[in-house]
Amino acid sequence: MSLRIEERKNIQVSTEEITRQRQFLEEVKQINYQKELKTGRKKLYHLVTFGCQMNENDSERLAGFLGEMGYAETENINDSDVIIYNTCCVRENAELKVYGHLGALKHLKEEKPELIIAVCGCMMQQPEVVEHIRKKYRHVDLIFGTHNLFKFPELLYTAISSNSPLVEVWETAGTIAEGMPIERKNGVKAWVTIMYGCNNFCSYCIVPYVRGRERSRSMEDIINEVRMLGQQGYKEIALLGQNVNSYGKDMKDGTSFAKLLYEIDKIEGIERVRFMTSHPKDLSDELIQAMRDCKKVCRHLHLPVQAGSTKVLKEMNRKYTKEQYLDLAARIKNAVPGIALTTDIIVGFPGETEEDFNDTIDVLEKVRFDSAYTFLYSKRTGTPAAKREDQVPEEVKKRRFDRLLEVQNRISREINDGYMGKEVEILVEGLSKNNDETYTGRTSTDKIVHFKGREELIGKLVTVRIEQVQTWSLFGTLIEK
Ligand code: SF4
């Protein structure tokens, strides 16, 4: 097996480099075109994404490259010429699924030796994972990481033209690559990554080790992208980053996330702006003001608290106390009336006592989140919390988790009950999954609303009167104006 593991530091992704990648893209396109002429069959790819929206956004870039290279997407893995797994390492489950998928592909690769099997994303930034895949899944053709995704055309070209597996993972991130093609999944809402990496090293989290330090895209590049999205008819954008609140800090020229929001608020065509994720310790007064002032910024903020106990928060390295979080939530609610707050919570962090857990419940009751993403703590190798010996027994975690869900579900339902009979403005996103007459949209506060509608309403802001309420969604009737 020929192996190429490259370790690079502070690579500048120049426009020349992007042009070079475009040349590889053309090469693959030509190869595919010639084969299509011979066989009369278009080349197909199958792309599976694990993890967060940032990974989804990376996959949209891979899809952009593949589309320009002449591939079409297929759901049928057996028909594929290229299969890619864009992986996540935040939870063990997702990792195990990737190994399961890779194992199942062995026979397909034997039947179709020309098939290219590629794995990329956060998991590949861990050397032991790469080593494991090289040893156990020798039918994998291409492994690359998060920092060199822009090199995908060159990597794919090399994998196609050589018979040996290729591994190229950069240990450290370079600057940001602009000008890559993109194929967005949704025609109404678009993700825009504004920064990469994280400097925070929360003690349970693997992200800073695999995504590198914070790097912000230039304001100009972001504005241009959003402007183009507005011209293309997108109505909503979600600004993405591991911690959007520290956007611009690395530039050291006064650029800030709040200033970016003010600029984006002026862009024509875009009706709604969302963002995630916000670290509470970096949420400035300037940002609260921007959320209040910017008409297009949605009345919803995802503000992960993770735990309620100040002791646990300290051990998580979150850099805020319970009281500071409560104060922040109150100030946001005061400044932006009607705002919906949602959160992430980890149950059973090492050393969490019953009293600590009660602090988490107390925060739920005091803040009254609209919803919470709740997770049982699970060890991530390589993080400080995984080495601790005072792990909480599974049955205790499970009991606390159930209690937490009970409290949060009650609060979510009570908040949703308040919508009964109200008229709300929603952005229509599309047909509901299980019903071909029911359409789905979201309020500015991120509530899912189902209503009987028509196809031409997709992408429009409409008003719906809420007539039925559930814990996770609302149902109503369209008000024709
Ligand atoms: S802020 Fe903490 S939880 Fe979020 S990505 Fe960074 S280290 Fe992980």
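Reader: Is strand E1 enclosed or open to the outside, and which residues does E1 cover?

Author: Strand E1 runs over residues 44–49, and six of its six residues are buried, so E1 is largely enclosed by the rest of the structure. Buried here means under 20% relative accessible area, exposed means over 50%, and partly exposed is in between, with a 1.4 Å probe and protein chains only. Helices (H or I, at least four residues) and strands (E, at least two) are DSSP runs, numbered from the N terminus.

Reader: Thanks! What should I know about the model itself?

Author: This is a predicted model, in which local features need pLDDT of at least 70 and side-chain atom pairs count only at pLDDT 80 or more, while totals for chains, interfaces and linings use all residues. Residues are numbered from 1 along each chain as its sequence is written, and side-chain values use heavy atoms, with hydrogens and water left out.

Reader: Back to E1, then. Which residues sit on each side?

Author: Leu44, His46 and Val48 are on one side and Tyr45, Leu47 and Thr49 on the other, and all are buried, so both faces of E1 are covered.

Reader: Which sense does E1 pair with E2 in, parallel or antiparallel?

Author: E1 and E2 (residues 72–73) pair in the parallel sense over two bridges. Two strands pair if DSSP finds at least two bridges between them. Leucine 44 has alanine 72 of E2 as its bridge partner. Between E1 and E2 the chain crosses through helix H2 (residues 53–68), and this β-α-β crossover is right-handed. That term applies if, with the strands pointing away from the viewer, the path from the first strand over the helix to the second runs clockwise.

Reader: And how many bridges join E1 and E3?

Author: E1 pairs with E3 (residues 82–87) in the parallel sense over five bridges.

Reader: Is E3 buried or exposed?

Author: Six of the six residues of E3 are buried, so E3 is largely enclosed by the rest of the structure.

Reader: Which residue does lysine 43 pair with?

Author: Lysine 43 forms a salt bridge with aspartate 81, and their closest N and O atoms are 3.8 Å apart. Lysine 43 lies in the loop between helix H1 (15–39) and E1, and aspartate 81 in the loop between E2 and E3, so the pair ties together parts that are 38 residues apart in sequence. Lysine 43 is buried at 12% relative accessible area, and aspartate 81 is buried at 11%.

Reader: What about lysine 185?

Author: Lysine 185 forms a salt bridge with glutamate 56, with the closest N and O atoms 3.7 Å apart. Lysine 185 is in the loop between strand E6 (166–168) and strand E7 (189–193) and glutamate 56 is in helix H2, so this pair ties together parts that are 129 residues apart in sequence. Lysine 185 is exposed at 61%, whereas glutamate 56 is partly exposed at 21%.

Reader: What does UniProt list as a binding site?

Author: The "binding site" annotation, from an unreviewed entry, covers Cys52, Cys88 and Cys122. These span 71 residues in sequence, yet no two of their C-alpha atoms are more than 10.7 Å apart, so they gather at one spot. UniProt positions are given in the numbering used here, feature names are shortened, and annotations may be inferred rather than shown by experiment.

Reader: Where does cysteine 88 lie?

Author: Cysteine 88 is in the loop between E3 and helix H3 (92–104), and cysteine 88 is buried, with a relative accessible area of 10%.

Technical notes
A salt bridge is a side-chain nitrogen of Lys or Arg within 4 Å of a carboxyl oxygen of Asp or Glu.
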